[in-house]
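User: Hello! I am new to reading protein models, and I would like to go through one with you.

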Amino acid sequence: MAFCLPNYLLNFDAMRPVNLFVLIVILASCKGPVSREDLFNSYFEPYLDLVSGQQVNERNVTLLDGMKAYSIGEYEEAIRNLNQFSSKEPDIAAPYMYMGVSYLALNKPFEAELMFDHLDNLQPNNFIDQSQWYTALCLLRSDQIDRCKEHLNTISTRPKHTYKQQAKELLADLDANGI
């Protein structure tokens, strides 16, 4: 790694305390390029559990078991239970949302994207903005940068999109880091 510092700062024999301070400040502010994975990790956060507050009954017990696992970061267990629930209740959107996020947390972006694609085709779907945002993160995670940028551009141009600001920031970060 080459540093572009003035010669007088590199001349350690002549360096004064002030110059040492300047050198420390310059070196501390130098950042290396941020990777795609670093960007993903800084933007990904599991979606808030909006389901667990339901009253348990015979119909939703596996859904709530899945959400309990999801809430404590046991994503494999969450997927098992949510998948079991969705096989009996295929038209309910929430399990697909949380399975998609769980797959993404497990670094399985292709499986996650399938969940979000399925979710996008359900009616009613109260997770449209979330699905679009997490799909963009799937594309980032799976190194499909052009598709990711297309999704982020779409999100950032929607006037009331929940993730409009995050999409703009991630686009700027991708560009700033040459990704």
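This is a predicted model: local features need pLDDT of at least 70, side-chain atom pairs count only at pLDDT 80 or more; totals for chains, interfaces and linings use all residues.

User: Leaving aside its neighbours within four places in sequence, which residues is Asn-60 in contact with?

Analyst: Residues are numbered from 1 along each chain as its sequence is written, and side-chain values use heavy atoms, with hydrogens and water left out. Contact means heavy atoms within 4.5 Å. Beyond those sequence neighbours, Asn-60 touches Gln-54, Gln-55 and Phe-85.

User: Where is Asn-60 found, and does it count as buried or exposed?

Analyst: Helices here are DSSP runs (H or I, at least four residues), numbered from the N terminus. Asn-60 sits in the loop between helix H3 (36-43) and H4. For accessibility, buried means under 20% relative accessible area, exposed over 50%, and partly exposed in between (1.4 Å probe, protein chains only). Asn-60 counts as buried because its relative accessibility is 6%. Its side chain also reaches the backbone nitrogen of Asn-57 at 2.8 Å.

User: How do I read the way two helices pack, and at what angle do H4 and H5 cross?

Analyst: Two packed helices are described by the angle between their axes and the distance between the axes. Axes are lines fitted to C-alpha atoms, for helices over the stretch in contact, and angles run from 0 to 180 degrees between N-to-C directions. The axes of helix H4 (residues 61-71) and helix H5 (residues 75-88) cross at roughly 160° and come within 7 Å. H4 is therefore roughly antiparallel to H5. The cut-offs are under 35 degrees for roughly parallel, over 145 for roughly antiparallel, 65 to 115 for roughly perpendicular, and oblique for the rest. The crossing of H4 and H5 is left-handed, a term used if the near helix is turned anticlockwise from the far one by less than a right angle.

User: What classes of residue make up the contact of H4 with H5?

Analyst: On the H4 side the contact includes Leu-63, Met-67 and Tyr-70, and on the H5 side it includes Ala-78, Leu-82 and Phe-85. By class, the residues of this contact are eight nonpolar, four polar and two charged. Here Ala, Val, Leu, Ile, Met, Phe, Trp, Tyr, Cys and Pro count as nonpolar, Asp, Glu, Lys and Arg as charged, and the others, Gly among them, as polar.

User: How do the axes of H4 and H6 cross?

Analyst: The axes of H4 and H6 come within 11 Å, with a crossing of roughly 30°, so H4 and H6 are roughly parallel to each other. This crossing of H4 and H6 is left-handed. Leu-63, Met-67 and Tyr-70 in H4 meet Pro-95, Tyr-98, Val-101 and Ser-102 in H6. That contact of H4 with H6 has six nonpolar, one polar and no charged residues.

User: What should I look for in the backbone?

Analyst: Most residues other than glycine have a negative phi, and most peptide bonds are trans. Asn-107 has a positive phi of about 60° and lies in the loop between helix H6 (94-105) and H7. Asp-143 has a positive phi of about 65°, and its place is in the loop between H8 and helix H9 (145-157). Asn-107 counts as partly exposed at 43% relative accessibility, and Asp-143 is partly exposed at 48%.

User: Which residues does a cis peptide bond join?

Analyst: Gln-123 and Pro-124 are joined by a cis peptide bond, with omega about -5°. Pro-124 lies in the loop between helix H7 (109-120) and helix H8 (128-141).

Notes: A polar contact is a pair of N or O atoms within 3.5 Å; within protein, one must be able to donate a hydrogen and the other to accept it, and residues adjacent in sequence count only if both atoms are side-chain atoms.
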